[in-house]
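Thanks, I have one structure to go through this morning. Please put the sequence and the model on the screen, and I will start with a term.

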Amino acid sequence: MSLLDIKKAGAPVLKEICTPVERVDARLRKLLDDMAETMYSADGVGLAAPQVGKSLRMVVIDVQDEHGLLELINPVITAREGSVIDSEGCLSVPKVFGDVERAQCVTVEYIDRRSRRRSLTAEGLLARCIQHECDHLDGKLFIDIAVRLRKEEDKE
């Protein structure tokens, strides 16, 4: 595994609508492994492929709950319920946080690294993270939709 370079706001790849994955092969499984290693090394809870320069519909997420590391390929949010505003940050926008309105509960359909179709219903932090990472796949950053932004020193 190897650490990947995390693209920062302003990088063109972060504004692209990503291409669906046609086939999960060894190269893409290695990319998922490298993305997870990069996310953990940067103390993140999620990382989307465009954040490492790949315009592909793939994300890794680990909010340190019972689900452990999630690898979502071609994720599609099929249901949203409730609404909550909470703070978010992003590895591509260092030292900036924002209050973002998101659904409290989501259902996401995706394929896993073995090309199996999966569905997951999540709430709380995991639901927020899924929505945040899926936004990356559509060329959106949290700073584009935040109701309020602040620098790291104003985090509280």
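By buried I mean a relative accessible area under 20%, taken with a 1.4 Å probe and with protein chains only. This is a predicted model, and by that cut-off 49% of its 156 residues are buried.

Next, overall dimensions. The C-alpha trace spans about 45 × 35 × 30 Å along the principal axes of the protein.

The protein has an accessible surface of about 8100 Å². Carbon and sulfur atoms account for 48% of that surface. The side chains include 23 positive and 28 negative ones. The centres of these two sets are 5 Å apart.

Now the secondary structure. The protein contains three helices and eight strands. Read from the N terminus, the order is α-β-β-β-β-β-β-β-α-α-β.

Strand β4 covers residues 84–90 and strand β5 covers residues 93–102. They run antiparallel and are joined by six bridges. Two residues sit between β4 and β5, and the two strands form a hairpin. Which residue of β5 is the bridge partner of Ile85? That partner is Glu101.

Last, the contacts across the whole chain. Take the contacts between residues at least 6 apart in sequence: 66% of them join residues at least 24 apart.

That is what I have for today.

Notes: Residues are numbered from 1 along each chain as its sequence is written. This is a predicted model: local features need pLDDT of at least 70, side-chain atom pairs count only at pLDDT 80 or more; totals for chains, interfaces and linings use all residues. Side-chain values use heavy atoms; hydrogens and water are left out. Helices (H or I, at least four residues) and strands (E, at least two) are DSSP runs, numbered from the N terminus. Buried means under 20% relative accessible area, exposed over 50%, partly exposed in between (1.4 Å probe, protein chains only). Contact means heavy atoms within 4.5 Å. Accessible areas come from the Shrake-Rupley method with a 1.4 Å probe; for residues, only the protein chains shown count as cover. Lys and Arg count as positive and Asp and Glu as negative; His and the chain ends are not counted. The place of a charge is taken as NZ of Lys, CZ of Arg, CG of Asp or CD of Glu. Two strands pair if DSSP finds at least two bridges between them.
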